[in-house]
Amino acid sequence: MTTTEFETFGSTRALHAEPGVYEPQDDSWLLCEMASQSGVVQGARVLDMCTGSGAVALAAASMGAREVVAFDISALAVACARRNAVALGLEVDVRRGSFAEAAALEPFDVILCNPPYVPSEEVPTGEGPHRAWDGGRDGRIVLDPLCDAAHELLVPGGTLMVVHSEYSDPDRTQAMLRSNGMTVTIVARRSISFGPVMTQRAAWLEQIGLLESSRDIEDLVVFRADRR
Ligand SMILES: C[S@@+](CC[C@H](N)C(=O)[O-])C[C@H]1O[C@@H](n2cnc3c(N)ncnc32)[C@H](O)[C@@H]1O
């Protein structure tokens, strides 16, 4: 089990990620930081899609969301996020499922999402830790359904904030959200060193022309999209 310091207003407490559950990383914290800076979470009904350990959902609860509903396809992640919510004394309704299950509970004021987005040779199937990062050949196995569903899931004027890598086609995210009736801005772009998954996949990414030779950093991009 890994433990991450989790900052809520005025205090730092521990957030646990059991083996098989995504340990919050740069992408998780960058999304939380941008959500906090945006000011849209306070008083809002928030959906955290792809919750993992619950890091983003719990950050939203600690920012003063009115209600937080979190979904993940992994039973391990759901159990982990529930345990973290109890341990931190924060209220989050954690459920197993994805977009179809979230649609039954719409509308939301805010959607936050740190999806799996690393390009992978195989289409991810089944259960396992790989589901936290494998995004299929273009990295968009969750990003495309998110861009399609966001407008319907949100109230008019509602906000989606999503983080992903430069290697999972940010131009497509922007174009899809715009064509689905959203006003889109990039609110953060931050370079990070490759983690173990990108390092292990670099040769294949070079081979398919997605990665320049010897590059070992990637930009994380955070989008804010407001429903018109
Ligand atoms: C990159 S992790 C993010 C975890 C957490 N939100 C964070 O930022 O630390 C992605 C999570 O998405 C979940 N996931 C993968 N495909 C999904 C889908 N179609 N619907 C919902 N959750 C999914 C994985 O199980 C994993 O927990």
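Reply: In helix 6, which spans residues 170-179, the buried residues are Pro170, Thr173, Met176 and Leu177. Buried here means under 20% relative accessible area, exposed over 50%, and partly exposed in between, with a 1.4 Å probe and protein chains only. Viewed down the axis of helix 6, the buried residues fall within an arc of 125°, so they line one face of the helix; the arc is that of the directions from the helix axis to the C-beta atoms. An α-helix has 3.6 residues a turn, so residues three or four places apart point the same way. Asp171 and Ser179 lie on the other side of helix 6 and are exposed.

The cover over the buried residues of helix 6 includes helix 5 (143-153), strand 7 (154-165), strand 8 (182-193) and strand 9 (217-227), where contact means heavy atoms within 4.5 Å. After helix 6 comes Gly181, with a positive phi near 85°.

The chain as a whole has seven helices and nine strands, which are DSSP runs (helices H or I, at least four residues; strands E, at least two) numbered from the N terminus. Buried residues make up 53% of its 228 residues. Of contacts between residues at least 6 apart in sequence, 70% join residues at least 24 apart.

The model is predicted: local features need pLDDT of at least 70, side-chain atom pairs count only at pLDDT 80 or more, and totals for chains, interfaces and linings use all residues. Residues are numbered from 1 along each chain as its sequence is written, and side-chain values use heavy atoms, with hydrogens and water left out.
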